[in-house]
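Here's a quick tour of how this chain packs its inside. Have the viewer open and follow along.

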Amino acid sequence: PEAPDESVFEALRSWRSDRAKADAVPAYVVLANADLEDIARRRPATLDELADCRGIGPTRLERYGDDLLAVLDELPD
């Protein structure tokens, strides 16, 4: 598979770090690096597209979906 865009991956990692601190959990509990890489590679634009990404089940989709899409939406194409 193609490598994810590094700037997208770093934006997602930054969001994950902030979210993990807010939730008082380790970063990997929010999402693993491989999950972030898949999201960065696919650049989903909707919750349905995000649901197809690695590591995104119903609970994570509900808990993090809108935030993840907002991070991706703020990045240049």
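## The aromatic pair

Keep in mind that this is a predicted model. Start with Trp 15 and Tyr 64: both are buried. They make up the one aromatic pair that the structure holds. With ring centres 5.6 Å apart and planes at 80°, the pair counts as edge-to-face, because the cut-off for that class is over 60 degrees. Trp 15 sits in helix 1 and Tyr 64 in helix 5, so the pair ties together parts that lie 49 residues apart in sequence.

## The nonpolar core

Trp 15 turns up again in the largest nonpolar core, a set of 19 residues. It's among the members that touch the most others, along with Leu 12, Leu 31, Ile 39, Leu 50, Ile 56 and Leu 68.

## Helix 3 and what follows

Which residues of helix 3 are buried? They are Asp 35, Leu 36, Asp 38, Ile 39 and Ala 40. The buried residues here pack against helix 1, helix 4 (47-51) and helix 5.

Just past the end of helix 3, Arg 43 takes a positive phi of about 50°. Asp 73 belongs to helix 5, and it counts as exposed because its relative accessibility is 67%, against a cut-off of over 50%.

Notes:
Residues are numbered from 1 along each chain as its sequence is written. This is a predicted model: local features need pLDDT of at least 70, side-chain atom pairs count only at pLDDT 80 or more; totals for chains, interfaces and linings use all residues. Side-chain values use heavy atoms; hydrogens and water are left out. A nonpolar core is a set of buried Ala, Val, Leu, Ile, Met, Phe, Trp, Tyr and Cys residues joined through side-chain atoms within 4.5 Å. Buried means under 20% relative accessible area, exposed over 50%, partly exposed in between (1.4 Å probe, protein chains only). Helices (H or I, at least four residues) and strands (E, at least two) are DSSP runs, numbered from the N terminus. Contact means heavy atoms within 4.5 Å. Rings of Phe, Tyr and Trp (its six-membered ring) pair if their centres lie within 6.5 Å; planes under 30 degrees apart count as stacked, over 60 as edge-to-face and the rest as tilted.
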